[in-house]
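The entries follow in the order in which I made them.

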Amino acid sequence: MADHPAGIVYRRRIPGLGHWRWQRYSAVVVLLLMIYFVITLASLGALDHAGALALVGHPVNALALAGLVTIGLWHGMLGLQVVIEDYISVPGGRHVVLGIVRVAAALVGMASLWAIASVAL
Amino acid sequence: MARQRPLSPHLQVYRPQLTSMMSITHRATGVALTTGTLVLAAWLVAVALGGESYAMMAKAVAHPLGQFVLFGYSVALIYHAMNGVRHLSWDLGFGLTIPEVYRSGHIVLFLTFLLTACLWLAILA
């Protein structure tokens with residue numbers, strides 16, 4: 001670290017620092033959105049279909065849900081990347097697993113965004 | 001052939017401590033929560049598809065197994081959130097002495113228990 005003091009000038013030169021920073025920024029966003037939705041869902045209790053449509057269809061909730069799913073999955077990908085890098089030592093294997101996990105996350109994200117959009121728009 | 005690299009201490013002869021156990025639990029809950037996004041996505045898609053598919057989803061959630069998964073998800077979420085705040089405080093340079101690390105660890109475990117109990121009391125009440 002002595003050759004690369006963590007400062008604005010050297011920020012781009014330290015490999016992995018971007019990953020580290022975004023993992024933390026996304027953590028704060030996901031934390032706030034999760035607090036909002038856990039409190040909202042707990043206060044609503046059991047939801048029928050009309051109640052669920054009203055919840056997801058509300059513009060603020062729709063935006064917040066879209067943010068929660070995309071930023072949450074992104075935070076999960078940054079975390080799973082570290083886990084995969086730590087535990088999969090087969091040459092090339094970690095890239096394959098990470099690729100599969102990312103494609104799966106993208107599909108889950110797109111399905112969620114489609115669902116939110118079709119209810120809210 | 002794998003390169004000869006230094007090995008970390010063998011887990012079999014390593015006495016588990018609160019710190020290492022909470023660290024691996026943070027990872028495990030993170031993996032579980034990321035996988036659990038699938039449930040949230042399924043719920044959203046069910047809402048979008050209409051009353052019939054929503055009724056199926058609601059039935060699955062109301063099933064004891066569904067409730068168990070939901071409870072597990074809530075414990076994992078609350079633990080990961082509380083311990084995540086602990087990690088963020090370390091990243092900002094706070095609480096890095098060993099006694100502080102143990103104290104914050106105990107606080108995280110206590111808060112996980114407390115908030116999980118509060119959440120499910122609020123849901124079931």
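**Entry 1: α3 of chain B.** I began with the length of α3(B): its 28 residues should span 40 Å at 1.5 Å a residue, and its end C-alpha atoms are 40 Å apart, which agrees. The expected span is 1.5 Å times one less than the number of residues. Helices here are DSSP runs of H or I with at least four residues, strands are runs of E with at least two, and both are numbered from the N terminus.

Before going on I noted that this is a predicted model, in which local features need pLDDT of at least 70 and side-chain atom pairs count only at pLDDT 80 or more, while totals for chains, interfaces and linings use all residues. Residues are numbered from 1 along each chain as its sequence is written, and chains are lettered from A and ligands numbered from 1 in the order in which they are written.

I then listed the buried residues of α3(B), which include B:Ala76, B:Leu77, B:Ile78, B:Tyr79, B:His80 and B:Arg86. Buried means 20 or more other C-beta atoms within 10 Å of the residue's own, exposed means 12 or fewer, and partly exposed is in between, with C-beta atoms placed from the backbone. The buried residues of α3(B) pack against α1 of chain A and against α1 and α4 (98–124) of chain B. After α3(B) comes B:Gly93, with a positive phi near 95 degrees.

**Entry 2: α1 of chain B.** I looked up helix α1(B), residues 18–49, and found 32 residues reaching 46 Å from first C-alpha to last, close to the expected 46 Å.

**Entry 3: the contact between the chains.** I counted 24 residues from chain A and 23 residues from chain B in the contact. Two residues are in contact if their C-beta atoms, placed from the backbone, lie within 7 Å. On the side of chain A, the elements giving two or more residues are α1 (17–44), α2, α3 and α4. By class, that side has 17 nonpolar, six polar and one charged residues. Ala, Val, Leu, Ile, Met, Phe, Trp, Tyr, Cys and Pro count as nonpolar, Asp, Glu, Lys and Arg as charged, and the others, Gly among them, as polar.

**Entry 4: chain A.** Chain A has four helices and zero strands. I found 17% of its 121 residues buried. Of its contacts with a separation of 6 or more, 70% join residues 24 or more positions apart.

I next took α2(A) and α3(A), whose axes come within 5 Å and cross at roughly 75 degrees. The two helices are therefore roughly perpendicular to each other, a label for angles of 65 to 115 degrees. The axes are lines fitted to C-alpha atoms over the stretch in contact, and angles run from 0 to 180 degrees between N-to-C directions. A:Leu55, A:Val56 and A:Gly57 in α2(A) meet A:Asn61, A:Ala62 and A:Leu65 in α3(A). The contact divides into four nonpolar, two polar and no charged residues.

Entry 5: Is A:Met77 buried or exposed? A:Met77 is buried, with 20 other C-beta atoms within 10 Å, and its place is in α3 of chain A. Leaving out residues up to four places away in sequence, A:Met77 touches A:Arg102 and A:Ala105. A:Met77 and A:Gln23 are 54 residues apart in sequence, but 9.3 Å apart from C-alpha to C-alpha.

A:Val90, in the loop between α3 and α4 of chain A, is exposed, with 10 other C-beta atoms within 10 Å. From A:Val90 to A:His58 I noted 32 residues in sequence and 47 Å in space, C-alpha to C-alpha.

Definitions and conventions: Parallel < 35°, antiparallel > 145°, perpendicular 65-115°, else oblique.
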